[in-house]
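Let's take a quick tour of the inside of a protein, looking at what is packed together and where gaps are left. Here is the model to follow along with.

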Amino acid sequence: MHQTALSLPVVLPEAVLALGTLGLVLYGALRGERAYNLVTEISVALLGVVFILLVAKNRPMGITFYGSFADDAFTRFMSGLALIGSLVTLLLSLEFMRSERIAGFEFPVLILLSTLGMLMLISANDFIALYLGLELMSLALYVIAAYRRNDLRATEAGLKYFVLGALSSGMLLYGASLIYGYSGSVSFSAIAAAVHDHSSIGVLFGLVFVLAGLAFKISAVPFHMWTPDVYEGAPTPVTTFFASAPKIAAMAVLVRVAFTAFPGITGDWRQILTFVSIASMALGAFAAIGQTNIKRLMAYSSIGHMGFALVGLAAGTVEGAQSVIIYMSIYVVMTLGTFAAILSMRRDDKAVETISDLAGLARTDSTMAFFLATMMFSLAGVPPLAGFFAKFYVFAAAIKADLYGLSVIGVLASAVGAYYYLRIVKLMYFDEPAKAFDRPGVVARSVLAVSALLIIIFVFAPSPLTNAAMAAAQSLF
């Protein structure tokens with residue numbers, strides 16, 4: 001199984017994405033500014049092809065490249081989610097980049113490079129592959145965070161993300177080297193065998209540093225400092241990307257490291273994740289209340305949601321893994337829908353971002369108001385929408401693992417967080433209308449409508465997602 005003879009069929013999606021990206025870099029370099037539209041359209045098609053290759057039934061699964069690359073049900077599910085995040089981001093970016101006059105062929109290429117890093121990260125089965133995937137993903141993210149070069153906020157956000165990202169990468173690398181020193185291997189399965197039921201102080205230190213490095217990527221407290229500034233400062237399609245695909249990849253690798261490298265010391269990493277989870281839920285709930293900028297509000301919202309997802313991971317069981325996968329799936333749909341609505345907030349061909357701009361939207365654009373209200377109710381976890389079931393699954397897994405305190409704190413944080421989501425609904429339906437927005441683009445309106453429909457449909461047909469999530473979770477154990 002570990003032979004490289006099997007490599008190509010197993011890594012076919014990644015190989016196609018890498019070759020396609022290189023081709024687009026060459027084409028863009030030759031054509032210059034005129035290449036933007038065609039490069040973006042080809043990028044969308046390329047991600048679509050990679051997605052089809054990824055979910056193809058007849059492609060073999062297995063572990064290749066001498067144990068460093070794992071292709072299993074979990075890899076395919078999470079990679080598929082990350083690809084959807086990247087694909088929708090590119091579609092949403094087309095109109096925005098043109099109207100803001102910052103369209104350049106580099107943007108879709110950077111998204112593709114980052115996506116390639118994510119696929120590698122999700123498939124990583126040892127610390128070297130994990131680090132390579134993480135850096136490939138992050139280097140492209142540093143650039144697109146500061147993509148609007150002439151904007152002071154954007155360059156400041158990009159620099160802040162770069163400095164803190166470099167620090168987190170160093171911490172992760174230091175942790176991995178400590179674990180290697182104490183276990184004698186970088187492979188997750190070999191580490192699991194070496195630290196089977198007892199952990200030395202060196203392994204624990206290494207584990208703390210590795211979890212800290214990965215917590216930065218999902219913007220969990222106390223490694224969340226960059227999130228509000230980057231979300232607000234970066235162009236909205238970039239924020240959409242940050243909020244969706246990289247979060248999926250980082251959460252996927254966090255789940256894989258916890259369950260495949262350290263299954264014998266669940267009690268030790270559960271303590272760390274419980275603390276991070278509680279801190280993230282609390283900060284996400286309280287810090288968002290005073291926000292006036294909707295992108296900053298979504299930054300704190302995403303910090304809170306990562307805290308809820310970690311509740312399921314802290315359970316340390318197969319149901320816990322399943323609940324994290326379900327949570328991240330529903331989170332991506334809600335996030336992409338909400339950002340499609342934010343991208344539709346334009347007046348006189350200028351993007352507006354303050355929450356008060358949504359006042360009276362129900363009277364100026366009732367369709368958009370209905371879909372955005374659906375997103376807000378779902379993000380708040382109001383039954384019977386999908387967001388409620390996402391939280392239900394993680395709390396059920398935590399209660400089954402006897403984590404009652406964590407579940408109670410989670411429910412309380414969810415109740416506090418509901419305030420600022422429902423405030424937006426109140427603004428849209430009960431306040432005096434502000435000036436109407438420009439007519440939204442077809443893509444943004446379609447993404448918003450499809451997201452809202454998926455959130456409603458989940459109530460009536462949850463089994464396709466829950467069954468696929470369970471199959472993905474079981475492939476880790």
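The largest nonpolar core has 175 residues, and Met 78, Phe 242 and Phe 262 have the most contacts inside it. A nonpolar core here is a set of buried Ala, Val, Leu, Ile, Met, Phe, Trp, Tyr and Cys residues joined through side-chain atoms within 4.5 Å. This is a predicted model, where local features need pLDDT of at least 70 and side-chain atom pairs count only at pLDDT 80 or more, while totals for chains, interfaces and linings use all residues. Residues are numbered from 1 along each chain as its sequence is written, and side-chain values use heavy atoms, with hydrogens and water left out.

**The core**
- Helix H15 makes up the largest share of this core, with 16 residues; helices are DSSP runs (H or I, at least four residues) numbered from the N terminus.
- Setting aside neighbours within four places in sequence, Met 78 is in contact (heavy atoms within 4.5 Å) with Ile 122, Ile 248, Ala 252, Ile 325 and Met 328.

**A buried serine**
- Ser 114 sits in helix H5, which covers residues 106–123.
- Why does Ser 114 count as buried? Because its relative accessibility is 0%, and buried means under 20% relative accessible area (1.4 Å probe, protein chains only).
- Not counting residues up to four places away in sequence, Ser 114 touches Leu 136, Met 137, Ala 140, Leu 141 and Phe 241.

**The largest pocket**
- About 530 Å³ of space lies in the largest pocket. A pocket is an open set of points on a 1 Å grid over the protein atoms alone, with protein on both sides within 12 Å along at least five of seven lines.
- Of its 22 lining residues (those with an atom within 4 Å of a point), the closest to the centre are Leu 81, Ser 329, Val 333, Leu 454 and Leu 465.
- H20 gives the largest share of this pocket's lining, seven residues.
- The pocket's lining divides into 19 nonpolar, three polar and no charged residues.

**The cavities**
- A search of the whole structure finds four cavities of 30 Å³ or more; in a cavity, a 1.4 Å probe fits but cannot get out.
- The largest cavity holds about 90 Å³ of space.
- Among the 16 residues lining the largest cavity, Phe 308, Ala 413, Gly 417, Tyr 420 and Tyr 421 lie nearest its centre.
- H19 gives the most to the largest cavity's lining, with six residues.

Conventions
Points joined across faces, edges and corners; volume = space filled by probe spheres on them. Helix = DSSP H or I, 4+ residues; strand = E, 2+ residues; numbered from the N terminus. Nonpolar A, V, L, I, M, F, W, Y, C, P; charged D, E, K, R; others polar. Buried < 20%, exposed > 50% of the residue type's maximum accessible area, 1.4 Å probe, protein only.
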